[in-house]
Amino acid sequence: MRLLHLEGVTKDYALGKTIVRALRGLDLSIETGEILAIMGPSGSGKSTLMHILGALDTPTDGTASLEGHDLLKLSENDLVTLRGRKVGFVFQTFNLIQALTAQQNVELPMIFLGVKRRDRLERARYLLEKVGLGDRVAHRPNELSGGERQRVAIARALANDPEILLADEPTGNLDSETGATILDLLKRLSVDQGKTMILITHDPDAAAIAHRVVRLRDGRVVQEVRNA
Amino acid sequence: MLREFLRLAAQNVLHRKLRSFLAVLGVCIGIAAVVGLISIGLSLQAMMKGQVSKVFGVDTFVIMDQDMMNRQSHGVMKEFALDMETLRGVEGVKTVAAVRQRTAFVQGGMNAEGKMPQGFMPVMGLSPELLTEFSAFTGDLALEPGGRNIQVGDVEVAVLGADVAERLGVGVGASFLVAGEGKNEIRATVIGILAASEEDGGDDRGFSGGMSSASGDTVYIPYATMDRLWPEGNDFLVTAVKTLPGYEVDDVADRAEVALKAEGSRVTAITSGDITDVIDEMLGYINIFLGGLAAISLVVGGVGVMNTMFTSVLERTKDIGVMKAVGAKNRHILAIFLIESGLIGMFGGLVGTVFGLGLSAVVCWALNTFANMPGGVSFPFVASPGLIVVTLLGAFAIGAVSGLWPARRGARMPVVDALRYE
């Protein structure tokens, strides 16, 4: 089943007085349950694509749909709700909130969706157990190692049980050994829980866990490889 | 969800302890100034009202010149004409006591130089009821040792101000001449001399103080003796009226004023309520002025909160991006930051209120202990619940309003830009 579909997508940015075209007529479809790696050099439009796939931003032109919802037609609030329910983000720099404990960071997406306190606590603990941090729930981010922080971020991304896990350079700030365990965790979780995963990465090791690798250059898909 | 936002906001406040503390301190100082100054104003008001009710009680009113309650009178007492019998006939009136004032030629006895000192002096006729029933009006007229006060049934006696006694060269037991209208004259025996300290003492000693022009140069004689020297005329200074039990003092005062005015007396009846109204009005302005001054420091505190919140929003730009990425709507972000600044305001308000009340309590205590107030005047410490509630709500509002602008800026930040922010 087609989960995400982009067709002829362009995205323009105003950079001072000049208009920068980050995406130039990009086509891409992603199936439910697929693990897709998006690779490409800096400036190829990876981040912009990620923002559009994650419903953080809308295209300037073209069509973009998530589970049949036309992203260009949704109001800002509907877009927020959609990404809150359907997309879980894992960032290169973890992006945990420093003032909150690991558990509270995992609870955060559920708070905004109005999940009841008891259910929230239970799910946050379950997810932290799942990523191997059952004994770290009350620690704040600055008391955790890089790998542990990324685990918290993964637990947070799974909080609202989204269809899609969107990971932007998830191993970029980790040493290779830790990176490998994080990749392993991501793959295991997405397979176990039937998630669709999109990896934006420079890292060939990361790309290796994907079913399909898409290469971008100058805002277009220039290569598509299916891994065996 | 509000509870969660409250928790998030509280955690943010606690996470930046020093900065939050400084912002709280700013609000705290402002609120302490407001609460402290207004409470001191309220104490002043309570003190003055206490004094009024001490003099008046619940059953007494006074008749004075009709301009007395006007601003133009500047508190100067003018004489007026009055028919005591009309006043006594008003329904609900129990006792009437009057003070009349004239200027009289007085002459003392022969002195050592063979001269008889003489001059024109103010003479006041005091109803004996004034001394028996309205003792609060006259205060405790302290006399020099050996003297006594005017009593019911006294005739042809006088109590002298210390200056008069000295100038006439008379002491207790001696007599002097008082000349009234026409050929009316008496020789009055001095029964008492006002203690000198009494005269320039406090402002609240009845007739020896601010309520009349009485001073060391006044001759006090019984009312009946006054009658013999001058017929009742345009010479009433003040008339005190006590009402019968069961009558509303304001009603009796209104009836008395109407009855007297019908006879052409230019008078007004003043109850304790009237005086309290004047005090309230006057101190109301003082309180507004004091509150306004203090409000300036509150505004400064608000600007401090605003500054803190701008820094906080800027510093947490990335957090805002993350929260929006995981499902926070603009109004959620707005709410979190508003609650945060509101908390700073409210906490500052809470501590500030305590400090303000403490300040007022200390000032009251110091005035009562060290200022040596005359006549048992005391400043009661007033903690007005209304003031406290209004201040706390106001403090929260100041925090929230100061946070509004920064919070809106945070809430409207595009998620992609916020996430990119380093």
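A residue is buried if 20 or more other C-beta atoms lie within 10 Å of its own, exposed if 12 or fewer, and partly exposed in between, with C-beta atoms placed from the backbone. The model is predicted: local features need pLDDT of at least 70, side-chain atom pairs count only at pLDDT 80 or more, and totals for chains, interfaces and linings use all residues. Residues are numbered from 1 along each chain as its sequence is written, and chains are lettered from A in the order in which they are written.

**Exercise 1.** Determine whether Ala269(B) is buried or exposed, and list its contacts beyond four places in sequence.

Solution.
- Ala269(B) belongs to strand E9 (residues 267-271) of chain B; strands are DSSP runs of at least two residues, helices (H or I) of at least four, numbered from the N terminus.
- Ala269(B) has 26 other C-beta atoms within 10 Å, and is therefore buried.
- Two residues are in contact if their C-beta atoms, placed from the backbone, lie within 7 Å.
- Ala269(B) contacts Phe61(B), Ile63(B), Ala253(B), Asp254(B), Ala256(B) and Glu257(B), its neighbours within four places left aside.

**Exercise 2.** Identify the strands that pair with strand E8 (residues 196-200) of chain A.

Solution.
- Pairing requires at least two DSSP bridges between two strands.
- Strand E3 (residues 35-39) of chain A is parallel to E8(A), with four bridges; Ile38(A) is opposite Ile200(A).
- Strand E7 (residues 164-168) of chain A is also parallel to E8(A), with five bridges; Ala167(A) is opposite Leu199(A).

**Exercise 3.** Describe the two faces of E8(A).

Solution.
- Thr196(A), Ile198(A) and Ile200(A) point one way.
- Met197(A) and Leu199(A) point the other way, and all are buried.
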